[in-house]
Amino acid sequence: MAKKKKEKTRSIRTAPFVTILIFLVMGMIGITTGEVGRVLEQAVQVCLSCIGIG
Amino acid sequence: MEAVRKWIQTILALLANGSWSFPFTRTIYQGPLKVVCSPGLNCYSCPASTTYCPIGTLQQLMAGIRVAIENGQHFYGLYVIGTMGVLGGIFGRLICGWACPFGLIQELLHKIPSRKFSIPRKLNYIKYFFLLFFVILLPLFVVDDFGYGEAWFCKYVCPAGTLEAGLPMLMLQPELRQTVGILFFNKLTILIFFIIWSVLASRPFCRTLCPLGAFYSLFKGLKLIKLRHVEENCTQCKACHAVCPMGVKFNESPEDTECISCLKCMDKACKFDAISLEIAGIPVGQRSRPRIPVASK
């Protein structure tokens, strides 16, 4: 039983968790530098040249 | 399973485009939800859009990076890349199959009866060029006298922007029609090209041009949720080849960058339980139909 449990634990991939953590930290740094405000500023404006008008 | 996926695609497309006051306001949604990242390609200049497009926003941040630094603001796109990376780390290209509004549109177009064609595999690599150059390098390095770059992919290529934002905005604001020029007709041509191609081939934009798909495909071996090939059950019958909308030969390359985890191969094609869904290496699901006994292999 214990052996089975050990095998199951071994088969868990850790790479996804490390990847998610790295990007989570990046996102948090972005939030602390105030990038969220900049994103909102851009997203609420119609970018006419971006959509091919103007 | 396919019906469930279609429902989820539709619900997520409506959630990403949940502001329906635009016929009265005649402009885009400008509320606080726009700090939420759209997992799929969904233009934030779409009048109904309640989320930001990661590709559009990343280009804008790259284009304005010099001016931001000059003003003492450290906006390097970390919030956007971080969000995209978390989504990529959890789902990878599963997002393309389950949460992208433009992917859903292409799937619906492909249902139109016509002769169907395959897409040469070499064309799949073009999207990495667009991710690197049109989303990152050109907006970053080709700048005007004031230090501002341009959103190259949005401005010159993105057919999703033309369909979801360009055409609706022209309808909502007739005065904009006077400003229509070669840029718009260039993008309209690209849109028409992809509409026709979507009828004839499965998901051509996702496979050849989408920079967001290219970004998510970088997580092919790192994503939390993915399909697993159970080699001991596989009979090499190649039934999975026929149903894949992305042209993946799953039994030959289970870690294929093009796999959007739509589960068609697992649920519709494989009769021998040779394909299963796993989360972080732990199998969590197999097809919903009963398994054919091993003796029938």
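Visitor: How many salt bridges does the structure hold over all chains?

Guide: This is a predicted model, in which local features need pLDDT of at least 70, side-chain atom pairs count only at pLDDT 80 or more, and totals for chains, interfaces and linings use all residues. Residues are numbered from 1 along each chain as its sequence is written, chains are lettered from A and ligands numbered from 1 in the order in which they are written, and side-chain values use heavy atoms, with hydrogens and water left out. A salt bridge is a side-chain nitrogen of Lys or Arg within 4 Å of a carboxyl oxygen of Asp or Glu. Over all chains, the number of salt bridges is 14.

Visitor: Which residues are linked with Lys6(B) in a network of salt bridges?

Guide: Lys6(B) forms a salt bridge with Glu2(B), their closest N and O atoms being 3.4 Å apart, and another with Glu107(B), where the closest N and O atoms are 2.5 Å apart. Glu107(B) also meets Arg203(B) in a salt bridge (2.7 Å, N to O). Lys6(B) is linked in a network of salt bridges with Glu2(B), Arg5(B), Glu107(B), Arg203(B) and Lys264(B).

Visitor: Why does Lys264(B) count as buried?

Guide: Lys264(B) is placed in helix α15 (residues 264-269) of chain B. Not counting residues up to four places away in sequence, Lys264(B) touches Glu2(B), Arg5(B), Val243(B), Pro245(B) and Ala269(B), contact meaning heavy atoms within 4.5 Å. Buried means under 20% relative accessible area, exposed over 50%, and partly exposed in between (1.4 Å probe, protein chains only). Lys264(B) therefore counts as buried because its relative accessibility is 17%.

Visitor: How many residues of helix α3 of chain B are buried?

Guide: The buried residues of α3(B) include Pro54(B), Leu58(B) and Ala63(B). Their cover includes α3 (35-43) of chain A together with α4 (65-70), α5 (78-90), α8 (126-141), α9 (152-156) and α13 (211-217) of chain B. Helix α3 (residues 54-63) of chain B is largely enclosed by the rest of the structure, because its buried residues number ten of the ten.

Visitor: Which three residues supply 17% of the area that chain B buries against chain A?

Guide: Chain B and chain A bury about 3,500 Å² between them, 73% of it on carbon and sulfur atoms; buried area is the accessible area (1.4 Å probe) that two parts lose on being put together, summed over both. Supplying 17% of the area that chain B buries, more than any other three residues, are Phe75(B), Leu78(B) and Tyr79(B).

Visitor: Which residues form the salt bridge between chain B and chain A?

Guide: The contact takes 51 residues from chain B and 36 residues from chain A. Across this interface the rule finds one salt bridge. With N and O 3.1 Å apart, the side chains that meet in this bridge are those of Glu278(B) and Arg13(A).

Visitor: Which residues touch the most other members of the largest nonpolar core?

Guide: A nonpolar core is a set of buried Ala, Val, Leu, Ile, Met, Phe, Trp, Tyr and Cys residues joined through side-chain atoms within 4.5 Å. Of the 73 residues in the largest core, those touching the most other members are Leu41(B), Phe153(B) and Leu227(B).

Visitor: Which helix gives the most residues to this core?

Guide: Leaving aside neighbours within four places in sequence, Phe153(B) is in contact with residues including Ile55(B), Phe130(B), Phe134(B) and Leu209(B). With six residues, the helix that gives the most to the core is α8(B).

Visitor: What percentage of the residues in chain A is buried?

Guide: Chain A has three helices and zero strands, and its pattern along the sequence is α-α-α. Of its 54 residues, the buried share is 31%.

Conventions
Helices (H or I, at least four residues) and strands (E, at least two) are DSSP runs, numbered from the N terminus.
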